[in-house]
Amino acid sequence: MRECQENHIISHYFAPRGQARMYALGMQLAQLYLSPFDKLIGVIGDAGSGKSAVIRGMFPSLELTNDDDGLYVRPLPLLEVGENHGFFSPHSYHVDIRFESGFTQLSVLADAIIEAIHQSRRVVVEHFELIYPLLGGMKADLLIGVGEEVVLTRPTIFGPEPEEIRDIVYHSLPYRLMAHTAEDLCELLLPPEDLARCGHDDVRHGFVITFADYPPKIDLREMEQKVFDLINQDLPITYIDENHVSIGPFIHCCTGPRIHVSRTSQIKDFHLLYRFVHDTRKNRYLLVGCVGSQNLEYLRKLNPPPV
């Protein structure tokens, strides 16, 4: 098994937008890629990308030191690793480099990471690219990037370097934020009975809303125009709690409330596919939307001829 993991180069997964789906993806990634021999796990991604959800899915018992609810662990357990040699000392540590660099010098954090690895502890490092230059050439055993996609790689002496993964995920994240916000705008316009039965799927630079057995009786061109109107109103989008966001005057139920643009006007080049795609394998109907400059090309590829 270890030999197979060492031969692994890189894998890509869609980064789902709901928290439960992110947890489930993290669990899947741990089963497929995580080894007992992995000591240094690097995680890369901008704020709001869902890094913490992936980490929680991969390491359910790990205490995150930068809790999303604003509860921060002090003193940072990693900095005490040299003092904890007992039977009950932690096996795994977490550190958010971007956050901790406001309180502790990067060189001190790097020394603590190296010491933990030497003591056969595991360290999960968020914003790994910021600390990597101070680790004396120590590479992550497993490197994870979170943007529009979740990218996993096992770096060798030939790469990839953390900066390469950073460039991939930082560039793609805006598409995910735009797509999720556009998806929520479409949900605002669904009849309540259809909203209650809809599911979600993923597509590059866009979103998929699924409906089992039969499609909603809605005009997709009219829905698209109404979404355009909401975009042009430049409505603010605000996190309320882990299950809700506000979109202007509307309160919307959302399982990924942190994964949005801050205003609707930031959604660029939105379009809907003007028909429901029938997924015959699962007998469901798909409402498909895309964002970004290549949206019409993506929609063309996603528009198979009716059977």
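Two strands are counted as paired if DSSP finds at least two bridges between them, and the views below show a predicted model.

**View 1. The open sheet of strands E9, E10 and E11.** Three strands form this open sheet in the order E9-E10-E11, with antiparallel pairing. Strand E9 (237–241) and strand E11 (250–253) are the edge strands, each of which pairs on one side only, and the twist from one strand to the next averages 30°. Strand E10 (residues 244–247) runs antiparallel to E11 and is joined to that strand by four bridges, with Val245 standing opposite His252 in E11. Helix H7 (residues 162–188) lies across E9, E10 and E11 and runs at about 105° to E11.

**View 2. The aromatic pair of Phe99 and Phe103.** The structure holds six aromatic pairs. In this one the ring centres of Phe99 and Phe103 are 5.1 Å apart and the planes stand at 55°, so the pair is tilted. Phe99 is partly exposed, with a relative accessible area of 23%, whereas Phe103 is exposed, at 56%.

**View 3. The edge-to-face pair of Phe211 and Phe276.** The two rings lie 6.2 Å centre to centre, with 85° between the planes. The pair links distant parts of the chain, 65 residues apart, with Phe211 in strand E8 (residues 206–212) and Phe276 in the loop between strand E12 (271–272) and strand E13 (277–279). Both Phe211 and Phe276 are buried.

**View 4. Arginine residues over tyrosine rings.** Arg197 lies over the face of Tyr214, at 3.9 Å from the ring centre, while the charged end of Arg258 sits over the ring of Tyr239, 4.2 Å from its centre.

Methods: Residues numbered from 1 in each chain as written. Predicted model: local features only at pLDDT ≥ 70, side-chain atom pairs only at ≥ 80, totals over all residues. Heavy atoms only, no water. Helix = DSSP H or I, 4+ residues; strand = E, 2+ residues; numbered from the N terminus. Axes fitted to C-alpha atoms, helices over the stretch in contact; angles between N-to-C directions. Contact = heavy atoms within 4.5 Å. Phe/Tyr/Trp six-rings, centres within 6.5 Å; stacked < 30°, edge-to-face > 60°. Buried < 20%, exposed > 50% of the residue type's maximum accessible area, 1.4 Å probe, protein only. Lys NZ or Arg CZ within 6 Å of the ring centre and 35° of its normal.
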